[in-house]
Amino acid sequence: MHTVDLLREALQAASGLGYQVRQEWLGGSGGGGCEIKGRRWMFLDLALSPAEQLDLVVETLRRHPEAANLPMPQALRSLLQVRRSA
């Protein structure tokens with residue numbers, strides 16, 4: 001599965017966890033998941049490559065044990081497990 005496809009699937013999983021996703025130009029300063037006033041937000045910097053954006057989303061998904069129960073392709077599930085143990 002290509003990085004862009006994995007990113008799309010990871011964003012769907014984040015939405016399944018209640019994240020509102022914002023994709024904006026942040027000048028390369030990053031992004032990631034956070035909670036503001038009780039709402040979950042995922043900020044993705046469009047200045048980052050798809051691989052870097054995927055890393056941010058995966059990092060956020062790993063903070064939620066309930067992510068393991070979400071439907072996702074095996075490629076993404078494997079990526080979550082590999083990065084968790086690394």
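A salt bridge here is a side-chain nitrogen of Lys or Arg within 4 Å of a carboxyl oxygen of Asp or Glu. By that rule, this predicted model has three salt bridges. The general idea is simple: side chains of opposite charge can pair when their charged atoms come close.

| Pair | N to O distance |
|---|---|
| D5 and R8 | 3.0 Å |
| E24 and R22 | 2.3 Å |
| R40 and E66 | 3.9 Å |

Let's start with D5 and R8. Both sit in helix α1, three residues apart, or about one turn of the helix. D5 has 23% relative accessibility, so it counts as partly exposed, and R8 is partly exposed too, at 45%.

Next up, E24 pairs with R22. E24 comes out as partly exposed at 28% relative accessibility, and R22 gets the partly exposed label at 37%.

R40 and E66 also meet in a salt bridge. This pair links distant parts of the chain, 26 residues apart: R40 is in strand β3 (residues 39-45), while E66 is in the loop between α2 and α3 (74-85). R40 is partly exposed at 22%, and E66 is partly exposed at 34%.

Now for the helix packing. The axes of α1 (residues 3-16) and α2 (residues 50-62) come within 9 Å and cross at roughly 30 degrees, which means the two helices run roughly parallel. The crossing is left-handed. On the α1 side, the contact includes L6, L7 and L11; among the α2 residues they meet as a group are L54, V57 and L61. By class, this contact has 12 nonpolar, two polar and no charged residues.

Methods:
Residues are numbered from 1 along each chain as its sequence is written. This is a predicted model: local features need pLDDT of at least 70, side-chain atom pairs count only at pLDDT 80 or more; totals for chains, interfaces and linings use all residues. Side-chain values use heavy atoms; hydrogens and water are left out. Axes are lines fitted to C-alpha atoms, for helices over the stretch in contact, and angles run from 0 to 180 degrees between N-to-C directions. Helices (H or I, at least four residues) and strands (E, at least two) are DSSP runs, numbered from the N terminus. Angles under 35 degrees count as roughly parallel, over 145 as roughly antiparallel, 65 to 115 as roughly perpendicular and the rest as oblique. A crossing is left-handed if the near helix is turned anticlockwise from the far one by less than a right angle, and right-handed if clockwise. Contact means heavy atoms within 4.5 Å. Ala, Val, Leu, Ile, Met, Phe, Trp, Tyr, Cys and Pro count as nonpolar, Asp, Glu, Lys and Arg as charged, and the others, Gly among them, as polar. Buried means under 20% relative accessible area, exposed over 50%, partly exposed in between (1.4 Å probe, protein chains only).
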